[in-house]
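Reader: I'd like to go through the packing here and ask what the labels rest on. Can you take me through it?

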Amino acid sequence: MIDGSNIYHLGHDHRLDAQPLGEIADLLRSQGYRVVCFFDANIFHTLCEHGAFPRDKRHSLELLSSIFGLEDDEIYVVPSGVQADKYILECLKNMPISFVVTNDKYRDYASKYPTVMKDNLWRKGVAISGGEVTLLHH
């Protein structure tokens, strides 16, 4: 799983916008992993504010797919008012052989998901240096 909003913001902070998320998804696919990318509901607003598409453009999975290089069935935008973090952690709880690519440590959820967070295998971080994207702990 990929914490899409988290990795997008990391890319944006390094002036790479969607590139890191697309690169990570490509890397994982090339290694045989099934990619599922979770986004907070405000991802469309965020992308529009960052100039990724015009305000009058219809929000769709196809739009996210074209921006991030993801397949439609790899994208999940959570309902408004709910953070993607909860969806990600529930998935990890129910699919213990999975991992999530994120730089979020989910500290606010540690007491609710102690079995998910018992070791470091569930979380892979991302680093960006000199425009190079690196998947950590992988």
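What follows is a short exchange about cores and helices.

Author: This is a predicted model, in which local features need pLDDT of at least 70, side-chain atom pairs count only at pLDDT 80 or more, and totals for chains, interfaces and linings use all residues. Residues are numbered from 1 along each chain as its sequence is written, and side-chain values use heavy atoms, with hydrogens and water left out.

Reader: What makes the 29 residues a nonpolar core?

Author: The term means buried Ala, Val, Leu, Ile, Met, Phe, Trp, Tyr and Cys residues joined through side-chain atoms within 4.5 Å. Buried is under 20% relative accessible area, exposed over 50%, partly exposed in between (1.4 Å probe, protein chains only). In the largest such core, Ile2, Phe39, Phe68, Leu70, Val101 and Val126 touch the most other members. A second, separate core has 14 residues, including Met1, Ile88, Val100 and Tyr109.

Reader: Why is helix 1 called largely enclosed?

Author: Because 7 of its 10 residues are buried: Gly4, Ser5, Asn6, Ile7, Tyr8, Leu10 and Gly11. Helices here are DSSP runs (H or I, at least four residues), strands likewise (E, at least two), numbered from the N terminus.
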